[in-house]
Amino acid sequence: MDLLDDGVLAAARKVIAVHLNYPSRTAQRGRTPEQPSYFLKPPSSLALSGSTVERPAGCELLGFEGEIALVIGAPARGVPLETAWSHVRWVTAGNDLGVYDLRYADKGSNLRSKGGDGFTPVGPRLIPASDVDPAALRIRTWHNGTLVQDDTSADLLFPFARLIADLSQLLTLEAGDIILTGTPAGASVAGPGDLLEVEVAAAGLSTGRLATTVTEGTTPLAAFGARPKVDDLQREEAYGSRQAAGLGEPAGPGRVLTPELREKLGQVSTATLSAQLRKRGLNNVSIDGLTSTQPGRRVVGLARTLRYVPNREDLFAAHGAGYNAQKRAIDAIGEGEILVMEARGEKGTGTVGDILALRAQVRGAAAIITDGGVRDVAAVAALDMPTFYANPHPAVLGRRHIPWDTDVTIACGGTTVQPGDIIVADADGILVIPPFLAAELAEDAAVQELEEAFIAEMVAGGHGVDGLYPLNAAWRERYDRWREGHAHD
């Protein structure tokens, strides 16, 4: 193993970084790219192990991201996937440092937020690329001695060869160029005095720990340029979660389904909710024509969406294989969420099977809903998590579908579903509830069901429905007395 020295750094004419590449990181971000995207870091940002990095004066969020760094050995231009890895000479550790306080200033390019001097330490040793399997590298990061990142290159969205082949389509990768290949979950924020360490290892080989110490800047940024600016969204993304950033739960549509509201919606039938929606002018909010693996089960959850398009063989090759949109959607599903699939009502193939349904259950999904077929239906039905589907079918996706995109507006079972909509399903059917209506809908539905309980009691006692259903003035007066008597039941 060769020591990484100034000669290697001096040879780097480009430093190219990938935005998102690890499933664990995309799950944190809540978005999964279909194709890789990149940004440049200036070679002047490179630094050796043992160096210091300055958090600019007035800045709060110096983010660190442990990464596997590739050093190009032979020029690559227009290279195919099959030979792309041969253009890598060395593998080493890298730390993609950046200041979230300046992220807004050069949105997308990250020039000032990630291009500062010392913001790309690499090293300390080089691993010959020819000696390792690119899908068997381990990346670990320590923050003040605590292990905070630990992942492998086995399940990358975009394997290293794909990155090289993709980049080489339009630009020449030159000997010495460095590619930062993305960071896993666990990236966070460091402050003055903190020690950051990153190591890459494989097949008994190791880069050793790349060490960087954070210092505090003393010269404020001048008024003629971008000044530090942060908000809770930047804090959440820098630390990896709202909890890690010490923030409370947001109040946006994605968080409207509180445990209390979930319980209220779970206590009223979809028939009642449908009537309340109709009063508000919403008639086309039911997902129709599906069967449940657990017909008596009532389900409430937030919608996540997945869209399939009709199969076209040339497109399936690019979008259907590997870590496709279907698998990404399953891996991104969260506790209490419902994955809703648009399959265009096409029943001639399966849209989910036992393994992915099990994965969704392990992730905490409340249900899966698809207006297409389901494979391995007996095994899917045996899961604790219900699945709503059009029909069983043994065929795989490629017969009729390409998994295309996630968390977009879709059509399922004759209605429109958006990510963040509230889904309520029971034996009567499946409803899609706009989040902003959910709270008042739950309250009014509970009132309606109490009225109907009174009406049912009266009918059971021999009363006719004329004037009772719906309540006329006389019956409503009697209902009000009945309700007062049941107020503490």
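Which residues have the most contacts inside the largest nonpolar core? In this predicted model, the residues in question are Ile68, Leu70, Val91 and Ile164, and the core to which they belong has 33 residues. At least two residues of this core come from each of strand E2 (15–18), strand E7 (66–72), strand E8 (88–95), helix H5 (160–167) and E15. The greatest contribution is that of H5, which gives five residues. In soluble globular proteins, nonpolar side chains tend to be buried together.

Leaving aside neighbours within four places in sequence, isoleucine 68 is in contact with Tyr22, Val91, Thr92, Leu137, Ile139, Ser153, Phe160, Ile179, Leu180, Thr181, Gly182 and Val200. In H5, the buried residues are Phe160, Leu163, Ile164, Ala165 and Leu167. These buried residues of H5 pack against E2, strand E3 (38–41), E7, helix H3 (81–84), E8 and strand E13 (178–180).

For the protein as a whole, the secondary structure consists of 14 helices and 30 strands. The C-alpha trace spans about 95 × 55 × 40 Å along its principal axes. Of the 489 residues, 51% are buried. Among contacts with a separation of 6 or more, 77% join residues 24 or more positions apart. The accessible surface is about 21400 Å², and carbon and sulfur atoms account for 53% of this surface.

The axes of helix H13 (residues 438–460) and helix H14 (residues 473–485) come within 11 Å and cross at roughly 105°. Angles of 65 to 115 degrees count as roughly perpendicular, and H13 and H14 are therefore roughly perpendicular to each other. On the H13 side the contact is made by Val447, Leu450, Glu451, Ala453, Phe454, Glu457 and Met458, and on the H14 side by Trp475, Arg476, Arg478, Tyr479, Trp482 and Arg483. Eight of the residues in the contact of H13 with H14 are nonpolar and five are charged, with no polar residue.

In the second pair, the axes of helix H10 (residues 325–332) and helix H11 (residues 354–362) come within 8 Å, with a crossing angle of roughly 25°. H10 and H11 are therefore roughly parallel to each other. H10 contributes Gln326, Lys327, Ile330 and Asp331 to the contact, and H11 contributes Leu356, Arg359 and Ala360. The residues of the contact of H10 with H11 comprise three nonpolar, one polar and three charged.

Individual residues were then considered. Leucine 265 is located in helix H7 (residues 259–266). Because its relative accessibility is 0%, leucine 265 counts as buried. Not counting residues up to four places away in sequence, leucine 265 touches Leu257, Leu273, Val300, Ile422, Val424, Ile433, Ala438 and Ala442. The C-alpha atoms of leucine 265 and alanine 187 are 37 Å apart, and the two residues are 78 residues apart in sequence.

Proline 192 occupies the loop between strand E14 (188–190) and strand E15 (195–202). Its relative accessibility is 38%, so proline 192 counts as partly exposed. Leaving aside neighbours within four places in sequence, proline 192 is in contact with Arg55, Val214, Thr215 and Glu216. A distance of 52 Å separates the C-alpha atoms of proline 192 and valine 380, which are 188 residues apart along the chain.

Several backbone features were also noted. The peptide bond from glycine 123 to proline 124 is cis, with omega near 0°, and proline 124 lies in strand E10 (residues 120–128). Aspartate 376, although not a glycine, has a positive phi of about 50°. Aspartate 376 is found in the loop between strand E23 (373–374) and helix H12 (377–381), and at 34% relative accessibility aspartate 376 counts as partly exposed. Aspartate 407, also not a glycine, has a positive phi of about 50°. The loop between strand E26 (401–406) and strand E27 (410–412) holds aspartate 407, and the relative accessible area of aspartate 407 is 28%, so this residue is partly exposed.

Definitions and conventions. Residues numbered from 1 in each chain as written. Predicted model: local features only at pLDDT ≥ 70, side-chain atom pairs only at ≥ 80, totals over all residues. Heavy atoms only, no water. Axes fitted to C-alpha atoms, helices over the stretch in contact; angles between N-to-C directions. Helix = DSSP H or I, 4+ residues; strand = E, 2+ residues; numbered from the N terminus. Parallel < 35°, antiparallel > 145°, perpendicular 65-115°, else oblique. Contact = heavy atoms within 4.5 Å. Nonpolar A, V, L, I, M, F, W, Y, C, P; charged D, E, K, R; others polar. Buried < 20%, exposed > 50% of the residue type's maximum accessible area, 1.4 Å probe, protein only. Areas by Shrake-Rupley, 256 points an atom, 1.4 Å probe, with all protein chains shown as cover. Core = buried A, V, L, I, M, F, W, Y, C linked by side-chain atoms within 4.5 Å.
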